[in-house]
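Subject: Structure for you to look at

Hello,

Here is the structure I promised to pass on, with my notes below it.

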Amino acid sequence: MQALNSNNTTNDGRIRIVVADDKELFREGLVSLLARRPEVEVVGQAEDGYQALELARKLSPRLILMDVDMPGCDGVRATELIKAELPMVDIIMLTVSEEDKDLFTAI
């Protein structure tokens, strides 16, 4: 494992990312797209919010791409937990929902 800078990037400047989504096909597709970017290193994948929290603690990513709607611990709750413990981690919420409630909750 490479050493990290204070901004959670690798020494070669790549952004460390965790992808959290319960749909494996979507998650793998997103990881595949990100792998094409030389400035990105996908360091972990999570199927639910609790796994995302565990990976955030363990892997110190710079960014988490977080699905809003996941079983167990959804993305909104996982974001609250992660930001409370690891405020330096940025989180981008992902959703296919067009429901206003879901969108406002994510924001």
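Ser-60 sits in the loop that connects α2 with β3 (helices, H or I and at least four residues, and strands, E and at least two, are DSSP runs numbered from the N terminus). Although Ser-60 is not a glycine, its phi is positive, at about 50 degrees. Ser-60 is partly exposed, with a relative accessible area of 28%; buried means under 20%, exposed over 50%, and partly exposed in between, with a 1.4 Å probe and protein chains only.

A word on conventions: the model is predicted, so local features need pLDDT of at least 70 and side-chain atom pairs count only at pLDDT 80 or more, while totals for chains, interfaces and linings use all residues. Residues are numbered from 1 along each chain as its sequence is written, and side-chain values use heavy atoms, with hydrogens and water left out.

Now the overall layout. The protein has 4 helices and 4 strands, which follow the pattern β-α-β-α-β-α-β-α along the sequence. Of its 107 residues, 37% count as buried. Among contacts (heavy atoms within 4.5 Å) between residues at least 6 apart in sequence, 60% join residues at least 24 apart.

The sheet comes next. Its 4 strands form an open sheet in the order β2-β1-β3-β4, with parallel pairing; two strands count as paired if DSSP finds at least two bridges between them. β2 and β4 (90-94) are the edge strands, each pairing on one side only. From one strand to the next, the twist averages 20 degrees.

β1 (residues 15-20) and β2 (residues 40-46) run parallel and share 6 bridges. The chain gets from β1 to β2 through helix α1 (residues 24-35), in a right-handed β-α-β crossover. Right-handed here means that, with the strands pointing away from the viewer, the path from the first strand over the helix to the second runs clockwise. Within this pair, Ile-15 stands opposite Val-40 of β2, and Val-19 has Gln-45 as its bridge partner.

β3 and β4 are also parallel, joined by 5 bridges. Here the chain crosses through α3, and this β-α-β crossover is right-handed. Leu-65 has Ile-92 in β4 as its bridge partner.

How do the helices sit on the sheet? Helix α2 (residues 49-59) lies across β1, β2 and β3 (63-67), at about 135 degrees to β2. Helix α3 (residues 75-85) lies across β3 and β4, at about 175 degrees to β4. For these angles, axes are lines fitted to C-alpha atoms, for helices over the stretch in contact, and the values run from 0 to 180 degrees between N-to-C directions.

The C-alpha atoms of Gln-51 and Ala-20 are 8.1 Å apart, although 31 residues separate the two along the chain.

Which residues have the most contacts inside the largest nonpolar core? They are Ala-20, Ala-52, Ile-64, Met-66, Ile-82, Val-89 and Ile-91, in a core of 17 residues. A nonpolar core is a set of buried Ala, Val, Leu, Ile, Met, Phe, Trp, Tyr and Cys residues joined through side-chain atoms within 4.5 Å. β1, α2, β3 and α3 each supply at least two residues of this core, and the largest share, 5 residues, comes from α2. Apart from this core lies another, of 8 residues, including Leu-30, Val-31, Leu-34 and Leu-65.

Leaving aside neighbours within four places in sequence, Ala-52 is in contact with Ala-20, Ala-46, Met-66 and Ile-82.

Happy browsing, and best wishes
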